[in-house]
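Here is a short report on one protein model. Keep the structure open while reading.

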Amino acid sequence: MRFTNLLLLKPRNPHSLRYFSRSAVTRNDRALNHADNSSVSQYVPPQTGLIALLPRSWIPYAELVRLDKPAGTYYLFFPCAFSSLLAATMEPSVSPLHVLGTTCLFMAGALVMRGAGCAINDLWDRNLDPHVQRTKFRPIARGAISPGKAVIFTGTQLLVGLGILLQFPYQCLWYGIPSLLLVATYPLAKRVTYYPQAVLGLTFSWGAIMGFPALGIDLVTNTDALKAAAALYSSCVSWTILYDMIYAHMDIKDDVAAGIKSIALRHEHNTKAVLSGLAIVQVGLLAAAGVAAGAGPIFFISSCGSAALTLGIMIRKVQLKSTQSCWWWFKNGCLLTGGEKNQISRIPSAPRPQLATQLPSVIIQARLLSSETKAAIDKAVSSAPVVLFMKGTPETPQCGFSRASIQILGLQGVDPKKFVAFNVLEDPELRQGIKEYSDWPTIPQLYLEKEFVGGCDILMSMHQNGELSKLLEEKGVLVAE
């Protein structure tokens, strides 16, 4: 097994760090800080991605609806998909094609209404966003779109959303319109309560109700469907509060300065306990929805079980003091948990389509590390107080991120005697294994006293805000003055 060579692999001691000791980096550190500050002092148009291909005059509107950040659209869409699939198992006459068409309409509606919600939020926050690092370059905050034009654009989106809503059975109109009140009031909630995420949950989870009337099930007359919809809606509310609490941690310092309230501020010191409680409530209510709908064992194993597993991993792995970690889990959590919850099936009392096998679902598969591989990585992680898995060596890094990580550690004054680096390019199994070991998708990766710290983006953020210096000093891994 090639990976066992890691047990014999001689770690690289970064002699280049000696040129960046604290006594010799004043000018370099100033230059780096100047570059960091200048990079965020003015707006830079997108250079890559879908938005970069649009005409320049369209870019502010694409940014206003967060076209480059689809995670919010997924979070709005998934409750619609959950309810459609659950409702389909209760209605024998519904064909898989009908369910697929309904979910496609919901996806279009989620895209439009999420954009409208973002525009309304930015209109409310146009005087607050300039004071928050992450939001100060939003189109309205930077003056690229005037409030008047934003109102007209938002009205157009709402009309398009109404057009999509009219494609559903007419009963959906009466169920859908009340959600607009929640869309409009959410931005106000953060000014008056520490729990605006609860209002967001009530808003984003509305689709958990809509799937039933969309497939012709009358919630007023069908008691079981009403119970299932209520439990599913409540479950999605808990899920929304959970993931938005992680999201809120990205702005926690700026929120204090701007006077914005959030659940992250209210429970800053016991966040993971609150997240765990929300996850338990969410999975319990999801199971209650399955009981009300008459779901079979596959539902409880695949949907409830996988939701519990993915939420547990997310809560354990997310680093709440790291903006990059919170963002990564926020944008990927919707696919991990939301995709797994879409695996809904039922053991029917009479023959009917098995939607779980006929409709596509997101299936996340993980390759488990062997005990031998894990032992090898454990030994590598324990080989020094500071361990970096990188591409190349400290003297000759083979990628920009690895080079930047070495420079950051040097600027911080890490003692070369307490540091080792492992070149993942020497062993493909090490390169893949370390990603699975840390559950982090990129390289380089830094470990401090056998605890995973993060990748290059996290190191850069911690370097800029002073967290890395404080952490390294607490661990006693810096060169003595």
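This is a predicted model: local features need pLDDT of at least 70, side-chain atom pairs count only at pLDDT 80 or more; totals for chains, interfaces and linings use all residues.

The sections below cover the sheet, a helix, the salt bridges, a surface patch and some backbone details.

Four strands make up an open sheet: 4 strands in the order S2-S1-S3-S4, with mixed pairing. Strand S2 (419-423) and strand S4 (451-454) are the edges, each pairing on one side only. Neighbouring strands are turned by 25° against each other on average, direction ignored.

Strand S1 (residues 386-390) pairs with S2 in the parallel sense, over 5 bridges. Within that pairing, Leu-388 has Ala-421 in S2 as its bridge partner. S1 also pairs with S3, here in the antiparallel sense and over 4 bridges. Val-386 has its bridge partner in S3, namely Leu-448. Strands of a sheet pair through backbone hydrogen bonds, whether parallel or antiparallel.

Which residues cover the two faces of strand S3? Gln-445 and Tyr-447 lie on one side of S3 (residues 445-448), and Leu-446 and Leu-448 lie on the other. All of them are buried.

S3 pairs with S4 in the antiparallel sense over 3 bridges. Leu-446 stands opposite Gly-454 in S4. The two strands, S3 and S4, form a hairpin with 2 residues between them. Glu-449 in the turn has a positive phi of about 50°. Lys-450 is found in the loop between S3 and S4, and its phi is also positive, near 70°. Lys-450 counts as exposed because its relative accessibility is 55%, over the 50% cut-off.

## Helix H20

Helix H20 (residues 400-412) has 13 residues. From its first C-alpha to its last, H20 reaches 18 Å, close to the 18 Å expected at 1.5 Å a residue. Its buried residues are Ser-402, Ala-404, Ser-405, Ile-406, Ile-408, Leu-409, Gly-410, Leu-411 and Gln-412. Gly-413 follows H20, with a positive phi near 85°.

## Salt bridges

The count comes to 6 salt bridges. One of them joins the side chains of Arg-142 and Glu-63, at 2.8 Å from N to O. This pair links distant parts of the chain. Arg-142 is in helix H6 (residues 139-142) and Glu-63 is in helix H3 (residues 59-64), 79 residues apart. Arg-142 is partly exposed, with a relative accessible area of 23%. Glu-63 counts as buried, at 12% relative accessibility.

Asp-122 forms a salt bridge with Arg-138, the closest N and O atoms being 3.4 Å apart. Asp-122 lies in helix H5 and Arg-138 in the loop between H5 and H6, so the pair ties together parts that are 16 residues apart in sequence. Both Asp-122 and Arg-138 are buried. Arg-138 has another salt bridge, to Asp-129, with the closest N and O atoms 3.9 Å apart. Asp-129 is buried, as is Arg-138. A network of salt bridges links Arg-66, Asp-122, Asp-129 and Arg-138.

## Nonpolar surface patch

Which residues form a nonpolar patch on the surface? They are Leu-158, Tyr-170, Trp-174, Ile-177 and Leu-180, with about 550 Å² of accessible area together. Leu-180 belongs to helix H9 (residues 179-192). Its relative accessible area is 38%, so Leu-180 is partly exposed.

Trp-124 is found in helix H5 (residues 96-124). Trp-124 is partly exposed too, with a relative accessible area of 39%. Trp-124 and Tyr-186 are 62 residues apart in sequence. In space they are 9.5 Å apart, C-alpha to C-alpha.

## Backbone exceptions

Most residues other than glycine have a negative phi, and most peptide bonds are trans. Arg-66 has a positive phi, near 60°. Arg-66 is found in the loop between H3 and helix H4 (71-88). Arg-66 counts as buried because its relative accessibility is 9%.

A cis peptide bond joins Ile-443 and Pro-444, with omega about 15°. Pro-444 is found in the loop between helix H21 (428-438) and S3.

Key. Residues are numbered from 1 along each chain as its sequence is written. Side-chain values use heavy atoms; hydrogens and water are left out. Two strands pair if DSSP finds at least two bridges between them. Axes are lines fitted to C-alpha atoms, for helices over the stretch in contact, and angles run from 0 to 180 degrees between N-to-C directions. Patches are made of residues with over 30% relative accessible area and no salt bridge: like charges are joined within 9 Å, nonpolar side chains (Val, Leu, Ile, Met, Phe, Trp, Tyr) within 5 Å. Accessible areas come from the Shrake-Rupley method with a 1.4 Å probe; for residues, only the protein chains shown count as cover. A salt bridge is a side-chain nitrogen of Lys or Arg within 4 Å of a carboxyl oxygen of Asp or Glu. Buried means under 20% relative accessible area, exposed over 50%, partly exposed in between (1.4 Å probe, protein chains only). The expected span of a helix is 1.5 Å times one less than its number of residues.
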